[in-house]
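Q: Please pick one part of this model and take me through it closely. I'd like the surroundings as well, in one connected story.

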Amino acid sequence: WPSYLDDPCFHAADLSFTIIRNPYDLLVSYYSHYNVVEAKNWTDRGWAHVNGYHQLTHFDEFVRLYCSCDPEDWHVPSLNRNLFGQIFDDNNKLSVDYAIRLENLHEGLTILTDMLTEDDSDCRIESILPIDNPSRHRHVGPYQNLYTSELQELVEKKCSAELSIFNYTFLEENINRNSPIIDLKTLDL
């Protein structure tokens, strides 16, 4: 996969950011992503065709495999080592300055925009942002509905670092809504 770490423009940027998401919700999206690209005539079953690659047909199979396999056996090893692998370089050092919580995308991007400009009126982004996440898996209801207590425990163990560092829990209501953007440079990792 092409990496932003290989892009000279990334290293020349004054500021970098990424979007993070509750790992429980992220795994539902990972599994349920389905995209038909007519021009290329292929179907993506899960991110990067995870379900086709591993021959998965149910969410519980996906979670069990994700939480138990050796990262090198996963279709994209870096995503199995850490769901937020995009924010670390090959030496496990932070590569971006800020993380915006998907749950607070609008507020986070507004804060980021304010940080980048003194004249808010010229760079306002709020008119182009969606109000909520239009993910296709939303038709099944809250992500919590897809997890048994066993699956929840597997993810809690596998993603303990991501959950702890970014203050996520299984229950969305427990998310710290007062921090839509996280200054990653201040984290002690």
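**Around a loop residue and the helices beside it**

A: Let's start at Leu83, which sits in the loop between α5 and β4 (98–101). Helices here are DSSP runs of H or I with at least four residues, strands are runs of E with at least two, and both are numbered from the N terminus. Before going further, keep in mind that this is a predicted model, where local features need pLDDT of at least 70, side-chain atom pairs count only at pLDDT 80 or more, and totals for chains, interfaces and linings use all residues. Residues are numbered from 1 along each chain as its sequence is written, and side-chain values use heavy atoms, with hydrogens and water left out.

Back to Leu83: with 4% relative accessibility, this residue is buried (under 20% relative accessible area; exposed is over 50%, and partly exposed is in between, using a 1.4 Å probe and protein chains only). Setting aside neighbours within four places in sequence, Leu83 is in contact with Pro23, Leu26, Leu27, Tyr30, Tyr66, Cys159 and Glu162, contact being heavy atoms within 4.5 Å. Leu83 also has Arg21 at 9.4 Å, C-alpha to C-alpha, although 62 residues separate the two in sequence.

Tyr66 leads us into α4. That helix covers residues 59–68, and its buried residues are Phe59, Phe62, Val63, Tyr66 and Cys67. They span an arc of only 115° around the axis, so they end up on the same side of α4; the arc is taken from the directions that run from the helix axis to the C-beta atoms. Among the pieces covering these buried residues are α2 (23–32), α3 (50–54), α5 (77–81) and α8 (149–158).

Now zoom in on α2. Two packed helices are described by the angle between their axes and the distance between the axes. For α2 and α4, the axes come within 10 Å and cross at roughly 115°, which makes α2 roughly perpendicular to α4. The axes are lines fitted to C-alpha atoms, for helices over the stretch in contact, with angles from 0 to 180 degrees between N-to-C directions. Under 35 degrees counts as roughly parallel, over 145 as roughly antiparallel, 65 to 115 as roughly perpendicular, and the rest as oblique.

Who actually touches whom? On the α2 side, Leu27, Val28, Tyr30 and Tyr31 meet Phe59, Phe62 and Tyr66 of α4. The residues of this contact come out as 7 nonpolar, no polar and no charged. Here Ala, Val, Leu, Ile, Met, Phe, Trp, Tyr, Cys and Pro are nonpolar, Asp, Glu, Lys and Arg are charged, and the others, including Gly, are polar.

Next, α3, where Asn51 is found. Asn51 is buried, at a relative accessible area of 4%. Apart from neighbours within four places in sequence, Asn51 is in contact with Tyr31, Arg45, Gly46, Leu56 and Phe62.

The loop between β3 (42–45) and α3 holds Ala48, and His49 is in the loop between β3 and α3 too. Most residues other than glycine have a negative phi. Yet Ala48 has a positive phi near 50°, and His49 has one of about 60°. Ala48 is partly exposed at 33% relative accessible area, and His49 is partly exposed at 31%.
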